[in-house]
Amino acid sequence: MRYAPIFKSFLICILIVQCRSAIAQSESRLRLWYDHPSGDVWENALPVGNGRLGAMVYGNVSTDIIQLNEHTVWSGGPNRNDNPLCLDSLAEMRRLIFEGKQKEAEKLANKVIVSKKSQGQMFEPVGNLQLHFEGHDQFSNYRRELDIEKAIATTTYKVGDVVYTRQVIASLPDRVIVVHLTANKTRSISFTANYAPAIPNAVVATSDQTRLSISGTTIDHEGVKGMVKYKGIAQIKTKGGTVASTDTSVIVKNADEATIYISIASNFNSYNDVSGNENERAIGYLNKAINKSFTQICKEHIAAYQSYFNRVKLDLGNTADAKLPTDQRLKLFANNNDPGLVTLYYQYGRYLLISSSQPGGQPANLQGIWNNKLFPPWDSKYTININAEMNYWPAEKTNLAELHEPFIKMVKEMAETGTQTARDMYGARGWMAHHNTDIWRSTGAVDGAFWGIWNNGGGWTSQHLWEHYEYSGDQKFLSEVYPILKDAAMFYADFLVEHPKYHWLVVCPDMSPENAPAAHEGSSLDAGVTMTNQIVFDVFSNAINAAKILGKDVAFADTLRGLRDRLAPMHVGKYGQLQEWLDDIDNPKDNHRHISHLYGLFPSNQISAFRTPELYNAARNTLIQRGDVSTGWSMGWKVNWWARMLDGNHAYQIIKKQLTPVGTNEGGGGTYNNLFDACPPFQIDGNFGCTSGIAEMLMQSADGAIYLLPALPDAWPNGSVSGLRARGGFEIVRMEWKEGKLVKVSIKSTIGGNLRVRVPVTMQLNNGQSLRAAVGDNVNSFYQTEKNQAPVISTEATIKLLPLKETFLFEIQTQPGKIYELVAK
């Protein structure tokens, strides 16, 4: 897009003003803000990031802390963690499981499946940049904030008659973190800067009086030598005043303002190559940024950031609580009406994804890109039996498709490493992964058989490649990733075995992630669990459909169809629940955090209110039996499930439980003051899960049509949203509702095709033209759904089908690039 020179200059001026006025009290509601410093609590600090660098800004007055991460600073080095003993013991393990001797099978699995090498490497912190301000112990008028519309963290306070301001950004285009310090009086900026390393044996030094550096090598872990070399450089530029240094610190005195440019890099090139030059990289990034003023860097950063963030607007209304500090709003939310906090939390999830996942970088891990511990919980790696996938649920639907790229690249790399795992451990073609991976793309089983023998990491993560195609319709991309989809299916084609009792094809050994029925004496091992059957169904379906679209592998697709027809169907048990296992052994009082067998409800679409009413009813019973309060990430998933159950009020109740201060929900998670999700401890997946769930409450596109306002709660009677994406290249330009009823919607078709909408009211085109009622299956290939086998229903189950709210189906044949506006009659 081109602008006239005058208009372009006007836009630049606007951006410059945005930087200079970032601390102003504007009408913007999209700010986290507080009237007190973070103290020494990391979960009070505010996150900034650019996909390569992450920083937690404490906003303390006399000694501020900028805690630093770099996306490739991980323990260890290139390694594999397969257990080659598995293949020879596979038949024995299957025999034990089929004979009901799961505990014996688990003992064997601990010997022959679980890795005897690394259990996975750790995401490491670089350290803290500390800024010491002498004489700032007594202060007033304190405020710190994170403006998520501009991605700027700001701290302001007053000492005597001087107002101090600190601004921190993680520049997207310049790949540096920048700290800008100003005051309302000249010669007022004085401080000492030093690095506090997090990794043992790091070296801190100074040079040229204005430059502070930190360097080192990451630690060895579980027998894998630390091989990531890193270099961090902080250079200080001042206006006025003096700059001096000691061996380990830089001292600024009486400056009018100061700007600190922070560059960090490593020698990491890829999961099997650490031959890069961290020194050249760090100084290269720094040299490109150092000659830019803070105003210029800030302007370019805001423009780059807003090119993502501004794609989606959400307005659920506001109340008086919106004027309160964020931590106070969080405490009051359970009992107060504060729809603005939901909007803030939704957009905060998008902010976190923009900040932690950028094309060419590493995917967001268990903590995104923010970690202050040398030995973080669960290594802050990638748990791929739910958590890593949940991180990317918002990517496509909330219009951040480019940010899916790091995860998609990780899947491609796991397909490389997982080929050897499939062959050596299971004697199978194709590729697979277990329940964890890391920056070295390990695909072996870790943590013990109870958790680690789950073998669907490849199957589930490969769904993201298909999903990216579903939203974009990009056949070039599909052709590129088709071998990965095909090989994920190839693994199951080789690995499935016939169940000796039921004669369905099942995975064995198998498990429902991290849960175990009492009937198995505490062992999680089994054969043909529901979630696995659902994943295999999707993997086969995606490969079949991709082959058809690309005109490839007709015979292989036919083979997959035959195998898919022999998969175990879903079961409804005696308590009316969707069975988690093939046998009816669920406990209706089981409140386990994982409800993995509802994968078929979300993120998959195998369970539908309109196509599979018995399964839909059973899924609801399962959700009720499991309860609402759980870990933070589990509640994030439940928001999506209740949205798919078309129950907006229940989904909203889960949001209220999730947006509760950590420690309030007995036996469950919640939210930290900085709105990080609490498992506890902090896991970022809950943030992303809830953001996805809120989008699902407003629009769904997984069940044959675009469903508008499928799960609108009573608490959001009026509102609007723009920018949500739907499958088949459709985008919600703007949708409005009043008094709980859809008023109008504009939908853009980017690639053409049949647009089918499901709406809660009758509608027409904005020119008064009637809409065609939709009948039969949607002819748009992006909206064709696969038919599962009929469920097996226990004779003891009481099936009471839920009544559905009246909806209307309309469709329009669209043209690429055109916008279609529908209004309520």
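The legends below describe close-up views of a predicted model.

**View 1. Helix 18 and the residue that follows it.** Helix 18 takes in residues 632-644, and its 13 residues reach 19 Å from the first C-alpha to the last, close to the 18 Å expected at 1.5 Å a residue. The helix is mostly covered, with 13 of its 13 residues buried. Just after helix 18, Leu 646 takes a positive phi of about 65°.

**View 2. Helix 7 within its surroundings.** Helix 7 is made up of 18 residues, numbered 339-356, and the 26 Å from its first C-alpha to its last is close to the 26 Å expected at 1.5 Å a residue. Because 18 of the 18 residues of helix 7 are buried, this helix is largely enclosed by the rest of the structure.

**View 3. A nonpolar patch on the surface.** The patch is formed by Ile 793, Ile 799 and Leu 801, which together have about 220 Å² of accessible area. Ile 793 belongs to strand 36, residues 792-793, and its relative accessibility of 33% places Ile 793 in the partly exposed class.

**View 4. Aromatic pairs between separate parts of the chain.** The count of aromatic pairs comes to 32. One of them is the tilted pair of Trp 42 and Phe 676, with 5.9 Å from centre to centre and 45° between the planes. This pair links distant parts of the chain, 634 residues apart, since Trp 42 sits in the loop between strand 1 (31-34) and strand 2 (46-49) and Phe 676 in the loop between strand 25 (670-671) and strand 26 (677-678). Both Trp 42 and Phe 676 are buried. The rings of Phe 610 and Tyr 707 also form a tilted pair, their centres being 6.1 Å apart and their planes at 55°. Phe 610 lies in the loop between strand 24 (571-572) and helix 17 (613-626), and Tyr 707 in strand 28 (residues 706-708), so the pair ties together parts that are 97 residues apart in sequence. Phe 610 is partly exposed, with a relative accessible area of 30%, whereas Tyr 707 is buried, at 10%.

Technical notes: Residues are numbered from 1 along each chain as its sequence is written. This is a predicted model: local features need pLDDT of at least 70, side-chain atom pairs count only at pLDDT 80 or more; totals for chains, interfaces and linings use all residues. Side-chain values use heavy atoms; hydrogens and water are left out. Helices (H or I, at least four residues) and strands (E, at least two) are DSSP runs, numbered from the N terminus. The expected span of a helix is 1.5 Å times one less than its number of residues. Buried means under 20% relative accessible area, exposed over 50%, partly exposed in between (1.4 Å probe, protein chains only). Patches are made of residues with over 30% relative accessible area and no salt bridge: like charges are joined within 9 Å, nonpolar side chains (Val, Leu, Ile, Met, Phe, Trp, Tyr) within 5 Å. Accessible areas come from the Shrake-Rupley method with a 1.4 Å probe; for residues, only the protein chains shown count as cover. A salt bridge is a side-chain nitrogen of Lys or Arg within 4 Å of a carboxyl oxygen of Asp or Glu. Rings of Phe, Tyr and Trp (its six-membered ring) pair if their centres lie within 6.5 Å; planes under 30 degrees apart count as stacked, over 60 as edge-to-face and the rest as tilted.
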